[in-house]
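Student: Could you pick one part of this model and take me through it closely? I'd like to see how it sits within the whole chain.

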Amino acid sequence: MLSAAHDILSHQRAPGNQSHVDPGPTPTPHNSSSRFDCNPVSTAAVLLADILPTLVIKLLAPLGLHLLPYSPRVFVSGVCAAGSFILVAFSHSVGTSLCGVVLASISSGLGEITFLSLTAFYPSYFFLLTSPGPQDPGGEEEAETAARQPLISSEAPELKPDYSPNLSLQERWTVFKGLLWHIIPLVVVYFAEYFINQGLFELLFFRNTSLSHAQQYRWYQMLYQAGVFASRSSLRCCRIRFTWALALLQCLNLAFLLVDVWFSFLPSIYLVFLIILYEGLLGGAAYVNTFHNIALETSDEHREFAMAAACISDTLGISLSGLLALPLHDFLCHLS
């Protein structure tokens with residue numbers, strides 16, 4: 001949905017009632033007085049529609065989501081995901097498309113908190129992540145066998161009642177305070193990168209390329225997601241304990257690209273492509289290492305609640321970035 005944000009906000013209806021987004025290489029400015037070729041509404045509007053329902057779900061989840069079994073959660077998440085794609089695909093207006101984005105947000109928020117919590121039932125998963133490296137092939141093979149055991153077992157692992165209901169409010173608060181060292185850097189990372197993604201991507205517009213404005217935006221989003229995918233899959237190769245370093249590097253990315261939006265000193269879009277790929281690598285590494293560190297540092301009794309509570313961090317950072325990206329878009333797009 002975020003990759004399609006520029007197209008959703010540029011949505012038109014062509015004759016014959018067919019959806020039309022101009023794929024041509026020559027962009028048509030929405031704001032002829034601005035050098036940024038702005039949409040009337042920032043792509044941060046799509047970001048907010050995509051993240052605020054998730055934020056509500058994650059804020060309320062530690063209080064009562066454990067009362068709903070896992071299977072209905074997965075079912076609701078899947079239905080909302082399918083509905084979101086269908087609604088946006090057949091939409092006739094921006095408003096209807098944003099309703100589809102909201103459904104995607106519900107699916108994402110409910111799905112993420114459900115599956116992160118489920119990892120608490122697979123201790124062999126954490127054994128695998130902390131297994132010896134290639135220097136100890138025997139130990140690695142043993143760890144991989146243990147990790148695969150739930151998949152090759154004749155019976156599915158029993159999902160016992162959640163650990164969370166056994167925790168008092170005081171225990172929950174104590175666990176949450178202990179998570180702040182991990183949560184705060186992840187909030188900073190996601191604030192910096194989504195401020196870039198939904199606040200600056202649309203404004204990083206190069207006219208000296210054959211790519212249209214919409215195509216440039218899609219490439220930015222694709223490269224960011226490619227970086228995230230690669231680094232979230234890298235835990236066996238590289239583990240980072242001090243995620244504050246990743247937060248600092250992401251803030252430097254934000255500052256650099258913000259200066260470029262203002263002064264337009266980068267000569268080529270391909271330099272921006274490299275920076276965005278690097279941004280995605282930092283974001284994915286921060287996410288996977290944060291949850292890995294939490295899983296290792298919390299007890300079995302607290303792990304399910306800790307994983308569910310910590311996933312508020314990325315959503316909070318993204319929400320704040322969307323709120324600030326809207327006025328930034330309006331300010332820069334009114335510059336001549």
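Tutor: Happy to! Let's begin with the whole chain: among contacts (heavy atoms within 4.5 Å) between residues at least 6 apart in sequence, 81% join residues at least 24 apart. Please keep in mind that this is a predicted model, in which local features need pLDDT of at least 70 and side-chain atom pairs count only at pLDDT 80 or more, while totals for chains, interfaces and linings use all residues. Residues are numbered from 1 along each chain as its sequence is written, and side-chain values use heavy atoms, leaving out hydrogens and water.

The protein chain has 12 helices and two strands, taken from DSSP runs numbered from the N terminus (helices are H or I with at least four residues, strands E with at least two). Of the 336 residues, 49% count as buried, meaning under 20% relative accessible area; exposed is over 50%, and partly exposed lies in between (1.4 Å probe, protein chains only). The accessible surface comes to about 16,100 Å², with 69% of that belonging to carbon and sulfur atoms (Shrake-Rupley method, 1.4 Å probe; for residues, only the protein chains shown count as cover).

The part I'd pick is helix 9, residues 244-263. An unreviewed UniProt entry places a "transmembrane region" at residues 242-263, one of several such stretches in that record; its positions are given in the numbering used here, feature names are shortened, and annotations may be inferred rather than shown by experiment. Another annotated stretch is 179-196, where the chain is 100% helix and the end C-alpha atoms are 26 Å apart.

The patch consists of Phe256, Val259, Trp262, Phe263, Phe265 and Phe331, with about 620 Å² of accessible area together. Patch members have over 30% relative accessible area and no salt bridge; nonpolar side chains (Val, Leu, Ile, Met, Phe, Trp, Tyr) are joined within 5 Å, and like charges within 9 Å. A salt bridge, in turn, is a side-chain nitrogen of Lys or Arg within 4 Å of a carboxyl oxygen of Asp or Glu. An α-helix has 3.6 residues a turn, so residues three or four places apart point the same way. Phe265 sits in the loop between helix 9 and helix 10 (269-297), and Phe265 counts as partly exposed because its relative accessible area is 40%.

Helix 9 also holds Asn253. Is Asn253 buried or exposed? Asn253 is buried, because its relative accessibility is 8%. Leaving aside neighbours within four places in sequence, Asn253 contacts Ile196, Ile275, Tyr278, Glu279 and Leu282.

For comparison, let's look at helix 11 (residues 300-310), which is mostly covered, with eight of its 11 residues buried. Among them are Arg303, Glu304 and Phe305. Cys311 is buried as well, since its relative accessible area is 0%.
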